[in-house]
Amino acid sequence: MSVFGKVQLGYLVVESQRFREWRSFGSDAIGLHVEELDADTMRFRLDERACRFLIRRGPAEDLMAIGWHVTDHETFDRIIARVTDRGVPVLEGTPEEAALRGVERLWRFPGPKGIVQEIFTVAHESSSPLRMTTSAFVTGEGGMGHVAITSREPLAIHRYYDTVFDSRLTDYIDENIGGLTLKIRFLRVNERHHSIAVANVQGLKIEPVRTRCQHVNIQAATLDDMVSAYTRVRELGFKMAWSIGQHTNDRELSFYCVSPSGFEVEVGWNPIVITPELEEAWQVATHQGISIWGHHTVDPGILDRLGQLRQAAAHLRHPEITVPALSGASA
């Protein structure tokens, strides 16, 4: 039985030493609700849920885990069985770990690029009122946003999420950045246009970005919220990667800024939602270029760095972390 539509992106776990920067970035610039639990733990909220971003102190400066909300216990058991039946280790989270994430029935298993996949069944709501500069973010049945990854093994990631969550291919984008042609595939696990995006960088023998993910996305409730966040990011001196623009495939208006840990955060507004009516007639298409307009490079050095990476690719190779047992041929 398919689990499609019963899974949504619930939270993200980040490891960082830059707590002062993260606090200002998340609260003052993006407009999230911040809670500092102790000297080594900070959480951000987007809505009534207790945790959407968990920042833990550590040296990685990276996204460490993706938390997926599974809507019922039967589906949860089915996903666990899919993983364990293929010989992949599954570990139960401790009560303390679950409490930090504001969830119940927490289990984890390995994921592509070394990003741990965590699943849970119940998300607790916070009793304290939201204190955000942004009026609201869109979460709900589509989850809190999406995660984008660069990969030399894009089909393996596609098959991984097909095996675990019955993901569906929404569409492709062909994009050329600094002479590097990227084919990006977009995977959905519910009504959100995509919860995972995978950029094919098979032409490179080294990673084009240092971090395990290239960017994470959250969705502002109004256009004014998105534009106001863009203004605050610039005024506070945080690094902007791509200016405001509109994507070709999901039609989302958004901008990209650089988080204190180095991966980008996309703040968007009003993407396509693939309702049951759209689902019936949806056709996978390939869009040329990532943007209809805008999304101009704010950091001009990125194109130079991509060129340098292409030259270095002939001399360096670092194997990409995969989970072969969950990345076999699609059923």
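In strand 15, isoleucine 218 is the bridge partner of glycine 145. This pair belongs to the four bridges that join strand 11 (residues 145-151) to strand 15, the two running antiparallel. The structure is a predicted model, in which local features need pLDDT of at least 70 and side-chain atom pairs count only at pLDDT 80 or more, while totals for chains, interfaces and linings use all residues. Residues are numbered from 1 along each chain as its sequence is written, and side-chain values use heavy atoms, with hydrogens and water left out. Helices (H or I, at least four residues) and strands (E, at least two) are DSSP runs numbered from the N terminus, and two strands are paired if DSSP finds at least two bridges between them.

The mean pLDDT (the predictor's confidence in each residue, from 0 to 100) is 92 for the protein, and 92% of the residues score at least 70. Over residues 300-316 pLDDT stays under 50; for this stretch the model has 21 contacts beyond four places in sequence, a contact being heavy atoms within 4.5 Å.

An open sheet of mixed pairing is formed by 10 strands in the order 19-12-13-14-11-15-18-17-16-20. Strand 19 (286-288) and strand 20 (291-294) stand at the edges with a single partner strand each, so one side of each has no neighbour in the sheet. Neighbouring strands of this sheet are turned against each other by 25° on average, direction ignored. Strand 15 is joined to strand 18 by five bridges, and the two run parallel; valine 216 has valine 265 of strand 18 as its bridge partner. Strand 17 (residues 253-258) and strand 18 (residues 264-269) run antiparallel and are joined by six bridges, with valine 267 of strand 18 the bridge partner of phenylalanine 255.

Helix 5 (residues 223-235) packs on the sheet and touches strand 16 (240-247), strand 17 and strand 18, its direction making about 25° with that of strand 17. Helix 1 (residues 19-30) lies across strand 15 (215-219), strand 17 and strand 18, and runs at about 150° to strand 17. Axes are lines fitted to C-alpha atoms, for helices over the stretch in contact, and angles run from 0 to 180 degrees between N-to-C directions.

Five of the five residues of strand 15 are buried, where buried denotes under 20% relative accessible area, exposed over 50% and partly exposed in between (1.4 Å probe, protein chains only). The buried residues are His215, Asn217 and Gln219 on one side and Val216 and Ile218 on the other.

Residues up to four places away in sequence not counted, phenylalanine 255 touches, among others, Met226, Tyr230, Trp242 and Val265.

Valine 34 lies in strand 2 (residues 33-38) and counts as buried at 12% relative accessibility. Beyond its neighbours within four places in sequence, valine 34 is in contact with Arg23, Ser27, Met42, Arg43, Phe44 and Arg131.

Under the criterion of a pair of cysteine sulfur atoms within 2.5 Å, the count is zero disulfides. The sulfur of cysteine 257 is 12 Å from the closest cysteine sulfur, that of cysteine 213, and therefore too far for a bond. Cysteine 213 is buried, with a relative accessible area of 0%, and cysteine 257 is buried with a relative accessible area of 0%.
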